[in-house]
Amino acid sequence: MELELAELLEKDDSNMQHGEHIILRLTYISRYNTRNANVEVTRILEQAQRNNVRNGITGVLVINENYFLQSIEGARPIINELLRELVKDDRHFSLQVIECREVEQRRWNKWSMKYLTLGDQDKKFVLKFSAGTDFNPYLMSTSQIMMFIDTLSELQEQREKYAFEMKKS
């Protein structure tokens, strides 16, 4: 029993030395690689959700036919490794890190990965936060991107709540 406790304490200590207790938020944008059009976004999302649950990552992903906009949170070493993988991933290109910083608490703690799409009903929010009439996250500031994601997240929650209430009726 004493040996097990010592091993656990040693393991916890080594985790602290690698920064597992520090939470990072990484927000990036990239362009969808149309050469991979046969890759189903749904399958990618399901895989990301499984991996994120296992790795303690929370986040939100905004997708349209041209762009990925993602904000993810997790332990510093895990986020750093994920960033290395994202840079090598050929399903997207022109990856730009918008923000990478330590956070005291998670912003996306409700979801292992929330998938948000831009529909016609969201056009007014695209116009509100974008520099033009079309959605182009490369032209948005960090604060615009975060407000945009927050707004879409709130809208999605409202829509899900409304759909749930309609099913109950």
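The model is predicted: local features need pLDDT of at least 70, side-chain atom pairs count only at pLDDT 80 or more, and totals for chains, interfaces and linings use all residues. Residues are numbered from 1 along each chain as its sequence is written, and side-chain values use heavy atoms, with hydrogens and water left out.

**Fold**

- The chain has five helices and five strands. These are DSSP runs numbered from the N terminus, with helices (H or I) of at least four residues and strands (E) of at least two.
- Along the sequence the pattern reads α-β-α-β-β-α-β-β-α-α.
- Of the 169 residues, 38% count as buried. Buried means under 20% relative accessible area, exposed over 50%, and partly exposed in between (1.4 Å probe, protein chains only).
- Among contacts (heavy atoms within 4.5 Å) between residues at least 6 apart in sequence, 79% join residues at least 24 apart.

**Nonpolar cores**

- A nonpolar core is a set of buried Ala, Val, Leu, Ile, Met, Phe, Trp, Tyr and Cys residues joined through side-chain atoms within 4.5 Å.
- The largest such core has 16 residues, and Leu-69, Ile-145, Phe-148 and Ile-149 touch the most other members. Strand S2 (58-63), strand S3 (67-75) and helix H5 (142-168) each supply at least two of its residues. H5 gives the largest share of this core, six residues.
- Leaving aside neighbours within four places in sequence, Leu-69 contacts Thr-27, Tyr-28, Ile-29, Val-60, Leu-61, Val-62, Phe-135, Ile-145, Phe-148 and Ile-149.
- Another core, of 14 residues, lies apart from the largest one; Tyr-28, Ile-57, Leu-61 and Leu-82 are among its members.

**Largest pocket**

- The largest pocket holds about 610 Å³ of space. On a 1 Å grid over the protein atoms alone, a pocket is an open set of points where a 1.4 Å probe fits, with protein on both sides within 12 Å along at least five of seven lines; lining residues have an atom within 4 Å of a point. Grid points are joined across faces, edges and corners, and the volume is the space filled by probe spheres set on them.
- Its lining has 26 residues, of which Ala-48, Leu-82, Leu-86, Asp-89 and Arg-91 lie nearest the centre.
- Strand S1 (23-32), helix H2 (41-55), S2, S3 and helix H3 (76-88) each give two or more residues to this lining. H2 gives the largest share, nine residues.
- The lining divides into 14 nonpolar, seven polar and five charged residues. Ala, Val, Leu, Ile, Met, Phe, Trp, Tyr, Cys and Pro count as nonpolar, Asp, Glu, Lys and Arg as charged, and the others, Gly among them, as polar.

**Strand S4**

- Ile-98 sits in strand S4 (residues 92-103). Not counting residues up to four places away in sequence, Ile-98 touches Thr-27, Tyr-28, Ile-29, Thr-142 and Ile-145.
- Ile-98 and Ser-141 are 43 residues apart in sequence, yet 8.2 Å apart in space, C-alpha to C-alpha.
- Ser-94 is also in S4. Ser-94 is not a glycine, but has a positive phi of about 55 degrees. Ser-94 is partly exposed, at 39% relative accessible area.

**Loop residues**

- Asn-136 lies in the loop between helix H4 (123-129) and H5. A polar atom of the Asn-136 side chain is 3.0 Å from the backbone nitrogen of Tyr-138. Beyond four places in sequence, Asn-136 contacts Tyr-67 and Ser-130.
- Arg-35 is in the loop between S1 and H2. Arg-35 is exposed, with a relative accessible area of 72%.
- Arg-35 and Arg-91 are 56 residues apart in sequence and 8.1 Å apart in space, C-alpha to C-alpha.

Note on methods:
Polar contact = N/O pair within 3.5 Å; in protein donor to acceptor, adjacent residues only side chain to side chain.
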